[in-house]
Amino acid sequence: MARMNAVIEPAEKQNPVIEVTGLVTHYGATKILDGIELSVPPGEILVIMGGSGSGKSTLLRHLLGLKKPSAGHIRLLGRDIASLDQKQLYHLRRQIGVAFQGGALFGSLTVAENVELPLREHTDLDDGTIRIMARMKLEMMNLAGFDGLMPSELSGGMLKRAGLARALIMDPKILFFDEPSAGLDPVVAVELDELILKLRDVMGMTIVVVTHELESAFKIADRITVLEEGRLAITGTVDEVQATDNQRVQDLFNRRPRNEAVNPDEYLQRLTGYRPDA
């Protein structure tokens, strides 16, 4: 019997793994995100950048289903997360991995126990299988032999890799990574970048990275999204965003300070709360 080869569609023809349409959100009366549009195909690394206060962290909270939008929709793996009840959201999150900035390991547990924890909480696997799966993920992160150490005994780079091992233990379809290179020396940062690329190339994982690190972003990104004061400044390939004529984006990439003109009357009004026309 002849063997049939599977036909794999190009990424642009596949349904997006992440889709954000018309996203608006407020904290109180303050609008934080305004009309964000994103579409991430399977197997892509999308890097989200922007200055402080641009809305990166808020966007990440929305993508994780931790905050509901004021308007718009967020779809992960084809599901509108705002419409899901707690049980449905729980099952969706089992397909998502999150690697936090500082590793976010529990200090009272060993490295292995931290990595095993999601399997113990969310599966009925036996102890032997859980230990083997944790060792496999630690091996992937070049942490073989460190499973019995406490988080306090690890370096910054090892903490990040251990946190990544835990994020991957459930074999998620989407990985969210918050500031992977922050606080690391250049050599360790490069090694972590290589790990992220390996996850995409070997495991076909869709990855969203929030970072301030330009060198890392330009190395790992398939596309970059830049936020500016809660709005989408640009989304494109590394070459496209580097060539943009958007002055704010160029200031970010070239580390130039903003030199905004200050109206003395408006400045005094902000300080005193006094409005002459009130």
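Begin by selecting strands E6 and E7, which pair in the parallel sense over 4 bridges. The model on the screen is a predicted one. Within this pairing, the bridge partner of Gly-97 in E7 is Leu-175.

**The sheet around E7**

In what order do its strands lie? The sheet is open and has 6 strands, in the order E6-E7-E8-E3-E9-E10, with mixed pairing. At its edges are E6 and strand E10 (231-236), each of which pairs on one side only. On average, neighbouring strands of this sheet are turned by 15 degrees against each other, direction ignored.

Move to strand E3 (residues 45-50). E3 runs parallel to strand E8 (residues 206-210), and 4 bridges join the two.

Within helix H1, pick Thr-58. Is Thr-58 buried or exposed? Its relative accessible area is 8%; a residue counts as buried under 20%, so Thr-58 is buried. Leaving aside neighbours within four places in sequence, Thr-58 is in contact with Thr-25, Tyr-27, Ile-32 and Leu-33.

**Inside strand E7**

Return to E7 and show its side chains. In a regular strand, side chains alternate between the two faces of the sheet. On one side of E7 are Ile-174, Phe-176 and Asp-178, and on the other are Leu-175 and Phe-177. Both faces are covered, and these residues are all buried. Since 5 of the 5 residues of E7 are buried, the strand is largely enclosed by the rest of the structure.

Select Leu-175 and display its surroundings. Not counting residues up to four places away in sequence, Leu-175 touches Gly-97, Val-98, Ala-99, Leu-164, Ala-167, Leu-168, Leu-199, Met-205, Thr-206, Ile-207 and Val-208.

Nonpolar side chains tend to be buried together in soluble globular proteins. In this model, the largest nonpolar core has 44 residues. Which residues have the most contacts inside this core? They are Ile-45, Val-47, Leu-164, Leu-175, Phe-177, Ile-207 and Ile-224. Another core, of 26 residues, lies apart from the largest one; among its members are Ile-18, Leu-23, Leu-84 and Phe-176.

**Helix H5**

Now select helix H5 (residues 156-168). What span should its 13 residues have? At 1.5 Å a residue, they should span 18 Å, because the expected span is 1.5 Å times one less than the number of residues. The end C-alpha atoms are 19 Å apart, which agrees.

H5 is mostly covered, with 11 of its 13 residues buried. The buried residues include Gly-157, Lys-160, Arg-161, Leu-164 and Leu-168. To see what covers them, display strand E6 (96-99), helix H3 (111-122), helix H4 (127-140), strand E7 (174-178) and helix H6 (186-203), which are included in that cover.

**The loops on either side of E7**

Follow the chain into the loop between H5 and E7, where Ile-169 lies. At 0% relative accessibility, Ile-169 counts as buried. Not counting residues up to four places away in sequence, Ile-169 touches Val-115, Pro-118, Leu-119, Met-133, Ala-134 and Lys-137. Ile-169 and Met-133 are 36 residues apart in sequence, yet 7.2 Å apart in space, C-alpha to C-alpha.

Asp-171 has its place in the loop between H5 and E7. Asp-171 is partly exposed, with a relative accessible area of 42%.

Finish at Glu-179, in the loop between E7 and H6. Glu-179 is buried, with a relative accessible area of 5%.

Compare the backbone at these last two stops. Most residues other than glycine have a negative phi. The phi of Asp-171, however, is near 50 degrees, a positive value in a residue other than glycine. The phi of Glu-179 is likewise positive, near 50 degrees.

Key:
Residues numbered from 1 in each chain as written. Predicted model: local features only at pLDDT ≥ 70, side-chain atom pairs only at ≥ 80, totals over all residues. Heavy atoms only, no water. Buried < 20%, exposed > 50% of the residue type's maximum accessible area, 1.4 Å probe, protein only. Contact = heavy atoms within 4.5 Å. Core = buried A, V, L, I, M, F, W, Y, C linked by side-chain atoms within 4.5 Å. Pairing = 2+ DSSP bridges. Axes fitted to C-alpha atoms, helices over the stretch in contact; angles between N-to-C directions.
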